[in-house]
Amino acid sequence: MTDQIEFSSFFKLLNSIKEGDSEKTSLLDEQISEFKNGINSKNFLEELGSIYLSVGVTELYNFTNQKDLKSIGLIDKEEWESLSEKNQQELPVFLANKMIEYIKVNKKVKEISKKWNVREGEIRKHITKMARYITEGIIDVIE
């Protein structure tokens with residue numbers, strides 16, 4: 001696989017909304033919807049990452065019980081600790097687990113395997129690594 005997986009434009013979009021550009025929220029919602037369905041992916045890794053971005057942002061909203069990235073970006077250390085206690089996990093673990101769970105529950109490995117003609121084992125090798133990568137990107141944006 002020679003193509004590099006690149007989600008920087010998505011992370012820039014998240015960051016601009018977090019920084020106060022709320023007009024881009026509808027674009028974010030549109031991208032999350034596209035990503036959840038693997039639309040416009042160029043390969044199986046990009047599709048896996050796209051699905052994870054969709055799940056990750058949605059679960060960030062669930063974890064914080066709010067959908068405003070600017071407000072989420074303003075959460076202080078004590079409030080994060082309180083949210084971690086309430087959710088019984090710290091945010092990075094919570095997000096990665098939700099991404100992996102989504103792939104398993106929705107049988108995405110088999111679906112992606114058929115779509116891209118890639119062995120299921122090859123996809124499974126990337127499930128945890130990609131979840132960590134996407135989680136780190138989301139955390140970097142909100143910090």
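## Fold and helix packing

The protein chain has eight helices and zero strands, where helices (H or I, at least four residues) and strands (E, at least two) are DSSP runs numbered from the N terminus. Along the sequence the pattern reads α-α-α-α-α-α-α-α. This is a predicted model, in which local features need pLDDT of at least 70 and side-chain atom pairs count only at pLDDT 80 or more, while totals for chains, interfaces and linings use all residues. Residues are numbered from 1 along each chain as its sequence is written, and side-chain values use heavy atoms, with hydrogens and water left out.

For 143 residues, a compact globule would have a radius of gyration near 15 Å, and the chain agrees with its 15 Å; the radius is taken over C-alpha atoms, and the globule rule is 2.2 Å times the number of residues to the power 0.38. The C-alpha atoms fill a box of roughly 45 × 35 × 25 Å along the principal axes. Buried residues (under 20% relative accessible area, 1.4 Å probe, protein chains only) make up 46% of the 143 residues.

The axes of α3 and α8, lines fitted to C-alpha atoms over the stretch in contact with angles from 0 to 180 degrees between N-to-C directions, come within 9 Å and cross at roughly 45°.

| Helix | Residues | Contact residues, among them |
|---|---|---|
| α3 | 44-64 | Phe44, Tyr52, Leu60 |
| α8 | 120-142 | Glu122, His126, Ile142 |

Contact means heavy atoms within 4.5 Å. The residues of the contact of α3 with α8 divide into 14 nonpolar, three polar and one charged, with Ala, Val, Leu, Ile, Met, Phe, Trp, Tyr, Cys and Pro counted as nonpolar, Asp, Glu, Lys and Arg as charged, and the others, Gly among them, as polar.

Conventions: Buried < 20%, exposed > 50% of the residue type's maximum accessible area, 1.4 Å probe, protein only.
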